[in-house]
Structure formats: structure tokens, C-alpha cells
Protein chains: 2
Amino acid sequence: MASARSNSAARSNAAPLVATIVVIFAVIEGKLRVLLVHRSSEPEQGKWALPGGRWDGSESLDESAARKLREETGAKGVYLEQLFTTSNLDPSRPAAVAVAYFALVEANRVRLRQEEAWRPAWHCVADLPDLAFHNNRVIEQAVARVRAKLEYTNIAYGLLPEQFTLRELQETYEAIHQRPLDRRNFRKRMLSTGIIEPTGAYRREGAHRPAALYRFTSREPVFL
Amino acid sequence: MASARSNSAARSNAAPLVATIVVIFAVIEGKLRVLLVHRSSEPEQGKWALPGGRWDGSESLDESAARKLREETGAKGVYLEQLFTTSNLDPSRPAAVAVAYFALVEANRVRLRQEEAWRPAWHCVADLPDLAFHNNRVIEQAVARVRAKLEYTNIAYGLLPEQFTLRELQETYEAIHQRPLDRRNFRKRMLSTGIIEPTGAYRREGAHRPAALYRFTSREPVFL
DNA sequence: CCAAAAGTGTTTGATTTACACCCATGA
DNA sequence: TCATGGGTGTAAATCAAACACTTTTGG
């Protein structure tokens with residue numbers, strides 16, 4: 001059955017299926033996590049997968065990915081970038097392409113959709129189950145890209161609130177790199193690149209010196 | 001009119017069109033050039049455009065791009081990488097996506113197809129005409145990517161023959177960066193990264209000291 | 001006064017840049 | 001012997017990494 005469909009789909013005038021999928025990242029409890037939905041129907045029933053859906057041409061691919069992101073998390077205006085496109089995700093459907101995106105969202109602004117059928121949930125990227133449609137590979141590439149871009153862009157703005165302490169920023173970087181950073185060097189680097197600046201405000205909490213608050217100098221994607 | 005078409009195409013079960021396009025680079029006469037074909041029919045008749053074609057699902061996207069490249073240049077086994085995918089190239093066809101690739105080929109191994117209808121030809125990237133389907137933007141991004149990757153990968157292997165002199169390698173780098181490099185520092189850098197090694201052979205030509213020949217230590221894509 | 005996190009500088013080594021002279025060859 | 005391009009080294013500047021003590025606050 002699947003194979004009959006597959007063969008006919010491979011014929012040259014089968015209409016290809018185009019889908020967008022989104023790797024949505026957030027840092028929660030010091031861990032880099034990714035939003036997955038549970039597949040309640042075939043194919044790959046019972047596995048976790050990246051959120052996504054069919055593209056119908058009524059909007060651009062970027063808009064489609066942004067809408068998907070909004071539907072899943074309520075987030076808008078956050079960092080969203082195209083990753084790559086593949087035709088190999090679903091062997092039962094060779095005439096299909098998936099355009100993958102990744103997004104960085106601020107964990108505590110997110111309201112997950114409460115759908116019984118999908119059960120969206122955050123999963124730690126360091127410890128993922130076997131996912132549907134080779135989504136493990138998609139996520140790996142997304143993580144690699146975020147890591148690389150963290151070094152020469154301001155993309156971390158997507159993960160943090162308007163104002164934040166240097167410690168919070170550093171914990172975000174550490175969560176993504178999965179290794180500790182030197183506090184002094186980190187501060188120097190961040191301030192010298194000019195991607196952040198002090199707001200002048202301080203946050204008092206607990207029995208210790210208050211922390212200065214910073215903001216990103218730009219909340220648009222910027223290269224260094 | 002355009003809007004009527006756009007509206008109907010925007011309906012959810014219009015079959016999307018998927019195409020692959022390829023930015024094929026070569027360095028010829030010290031200039032970075034790109035292969036373009038002449039559009040002999042609508043839309044965008046009379047303009048130059050990137051080679052490409054409809055994808056039918058009978059092969060993967062990568063294979064489709066590789067085949068396109070082979071058809072245009074005869075080149076195989078060369079460097080080929082996906083760039084990005086866009087749905088905005090042809091306003092008259094909103095339900096279409098183009099998956100763009102770029103390739104690096106060795107100029108003097110290429111045999112261009114001699115087709116009257118298409119007239120494939122090399123164009124200097126520093127001086128392009130106004131192209132069909134926003135292809136200027138696609139090429140800009142491809143150039144940016146090649147420049148960046150030149151610094152931390154061995155992709156230049158795609159542009160050079162098996163054996164080459166350091167001067168030839170440097171001229172390739174200079175063509176892509178469009179600025180001169182210091183000979184001594186260039187040599188040091190290339191050898192210290194280990195992406196090239198001397199073959200032991202020399203090339204005698206003209207009234208001067210013979211140049212040592214080098215090869216890439218790997219002709220597979222390698223990151224540094 | 002104690003615990004907890006914030007804030008701050010200096011030294012070392014590595015990397016990058018700038019720069020000028022000798023070498024091998026063919027004519 | 002001369003013209004041509006091939007080959008080489010060093011000094012200065014910049015950048016990255018390692019590292020420890022003082023400050024401010026609340027309890």
C-alpha cells in the first residue's frame with residue numbers, strides 16, 4: 001500500500017508535497033531544549049517529531065514557518081532562520097520536500113498549545129529519543145548552527161527577555177555550548193563586541209550584591 | 001490578472017511546483033564567474049538566469065542539483081552544497097519553491113552545453129546584469145557563503161586541478177575575495193592548516209625558478 | 001559577621017599582520 | 001648578467017585564556 005503510493009508518487013507528474021518544519025529552541029532550567037509533538041497517527045505513529053505542516057502556497061515559506069511557530073508557542077517577532085531543505089525525510093513519500101527552520105524563543109513567554117492529539121512538550125537536546133522522519137539529524141544540524149552563530153551574531157536575543165543579568169546571559173551560552181565559561185572573560189567579550197549594553201537598572205534578589213541589568217543593543221539579527 | 005492567478009494558486013490544494021537551481025562558480029582569467037543561461041521563453045524572456053529545472057520526485061534534491069550541474073558542465077564529483085530555499089522567486093507563480101545550490105568547478109574541465117536556445121555562458125560576478133527571478137540575490141548569497149567557507153574549509157579544491165602552484169591557489173583566493181593577499185602569510189596559513197601538501201613535483205615555465213606543486217590533502221569537504 | 005553572588009585586571013601565550021631580501025631559472 | 005617569479009623569517013600588535021581577590025547585600 002505504502003509502496004504502491006510511493007511508486008506512483010515517484011512518477012514525474014505527481015504533485016510534490018512541500019512541508020515546513022520548525023526546530024524551536026528554548027533554554028529551560030539551564031538546559032537547551034527543543035519542542036516536540038507526539039505523532040498520534042501514521043506514518044511514524046507513536047514517535048515524537050518536530051512540529052510542522054503542509055505548505056499550500058498561500059503564504060511564503062518564511063511566513064508558513066513563522067505561523068507554525070506562533071501556533072505552537074504564541075511567540076512572534078522572535079528569531080527564525082531557515083536551516084535546509086531535504087527530500088529524504090519520509091521514505092514512504094519520496095516526492096516530498098521538507099523545508100526546515102529553527103527558532104529561538106524565550107521560555108517563559110511561551111504558552112504551549114494544549115492539544116490532546118499532539119501533546120507538545122520540551123525535550124532536552126542532550127537526551128533525545130529516536131524521532132520520526134530522521135528529525136534527530138535535523139535537530140543536530142540546528143544545534144550546530146546555533147552554536148556557530150552564537151559566536152558571531154546576536155541571536156541569543158531570541159532566548160532572553162528584554163532585560164537580563166550577565167549571569168543569565170552566560171547561563172544561556174553555557175546551556176547551548178554545554179560547557180562552562182569564565183565569568184570575567186565572558187563579560188569582557190560581551191561588552192567589547194557591543195552586542196549588549198547596561199540599562200542602568202539593577203536587580204536586587206537574595207542576600208548579595210544586586211546585579212546590573214543589560215539589554216541587547218539590537219533585537220534584529222546582527223552580524224559582528 | 002496576476003492577482004486572479006495568485007488567488008487561485010493560493011488555494012490549499014494547488015499543486016506546488018518544486019525546482020532546483022544551481023549557482024555554478026569557476027575562476028576564469030582571475031575573475032570569479034558564474035554560469036548563466038539565456039531565457040528564450042516567458043516568463044522573464046530575454047533575461048539571463050541560473051540554470052535549473054523542475055524537480056519531479058524521482059531523485060533526491062541533491063541528486064537533481066548534481067544532475068543539473070552535470071548536464072550544464074559535464075562536471076561530476078565536484079563541490080556542491082545547498083544554499084537555501086525560497087518561495088518568492090516568481091511572483092506569477094506563488095505556489096512554487098526553488099531550492100538553490102551552489103557548485104565550484106574547475107574552469108578548464110568544463111565543457112559547456114552548446115544549446116542555441118539557452119546559450120550558457122560565464123558571467124563575472126562583479127558585474128552582473130539584471131537577472132530573471134531575483135537571481136541576483138541568490139548569487140549574492142552564494143558568493144557570501146563561498147567567501148566565508150574559504151576561510152574554514154577546503155572548498156577551494158573544487159576550483160583547482162589535482163596539482164597546482166601556490167600562486168594559482170592564491171589567485172583563486174584573491175579572485176573570490178576580490179582583494180590581494182600577502183604571499184608569505186598566505187603560504188604559511190595554507191601549509192599550517194594542513195589542507196594542502198607538496199607533491200614533490202615542480203613546474204618549470206619561463207625564465208625563473210620552478211614552482212613547487214601542491215595538492216589538497218583531501219578532496220572531500222573538510223572543516224578546519 | 002557570615003554567606004552568596006557581583007564585580008574587577010593582569011599576565012601569558014597564541015595568532016595575525018606587516019614587511020624586504022635572496023634564489024633558481026631561461027634567455 | 002638580467003629579468004622574472006619562487007621562496008623564506010622576524011618583529012609588532014592583537015586577541016584569547018588563565019587565574020583570585022574585593023564589594024555589596026540580606027539575614
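Colleague: How many residues does the contact take from chain A, and how many from chain B?

Modeller: The contact takes 23 residues from each of chain A and chain B, where two residues are in contact if their C-beta atoms, placed from the backbone, lie within 7 Å. This is a predicted model, in which local features need pLDDT of at least 70 and side-chain atom pairs count only at pLDDT 80 or more, while totals for chains, interfaces and linings use all residues. Residues are numbered from 1 along each chain as its sequence is written, and chains are lettered from A and ligands numbered from 1 in the order in which they are written.

Colleague: What makes up the side of chain B that touches chain A?

Modeller: Helix H1 (2–10), strand S5 (79–86) and strand S6 (96–104) of chain B each supply at least two residues, and S5(B) gives the most, with four. These elements are DSSP runs numbered from the N terminus, helices being H or I with at least four residues and strands E with at least two. By class, that side of chain B has 13 nonpolar, nine polar and one charged residues; Ala, Val, Leu, Ile, Met, Phe, Trp, Tyr, Cys and Pro count as nonpolar, Asp, Glu, Lys and Arg as charged, and the others, Gly among them, as polar.

Colleague: How confident is the predictor in chain A?

Modeller: The pLDDT, which is the predictor's confidence in each residue from 0 to 100, averages 91 over chain A, and 94% of its residues score at least 70. Over residues 1–12 of chain A, however, the pLDDT is below 50, although this stretch has 16 contacts in the model beyond near neighbours in sequence. Where pLDDT is low, the predicted coordinates should not be read in detail.

Colleague: Which residues come nearest to DNA strand D?

Modeller: Of the 19 residues around DNA strand D, the nearest are Ala207(A), Arg209(A), His208(B), Arg209(B) and Ala212(B); a residue counts as near if its C-beta atom, placed from the backbone, lies within 6 Å of the strand. By class, this surface has six nonpolar, four polar and nine charged residues, and H5(B) gives the most to it, with three residues.

Colleague: Why does Gln178(A) count as exposed?

Modeller: A residue is exposed if 12 or fewer other C-beta atoms, placed from the backbone, lie within 10 Å of its own, buried if there are 20 or more, and partly exposed in between. Gln178(A) has 12 such neighbours and therefore counts as exposed. Gln178(A) lies in the loop between helix H4 (166–177) and H5 of chain A, and its phi is positive, about 55°, although it is not a glycine.

Colleague: What makes Arg119(A) partly exposed?

Modeller: Arg119(A) has 15 other C-beta atoms within 10 Å, so it falls into the partly exposed class. Arg119(A) is found in the loop between strand S6 (96–104) and strand S7 (121–124) of chain A, and its phi is near 50°. Most residues other than glycine have a negative phi.

Colleague: Why are strand S8 (164–165) and strand S9 (196–203) of chain B said to stand at the edges?

Modeller: Three strands of chain B form an open antiparallel sheet in the order S8-S10-S9. S8 and S9 of chain B each have a single partner strand, so one side of each is left without a neighbour in the sheet. Two strands pair if DSSP finds at least two bridges between them, and S9(B) and S10(B) pair over five bridges, with Pro198(B) standing opposite Tyr214(B) in S10(B).
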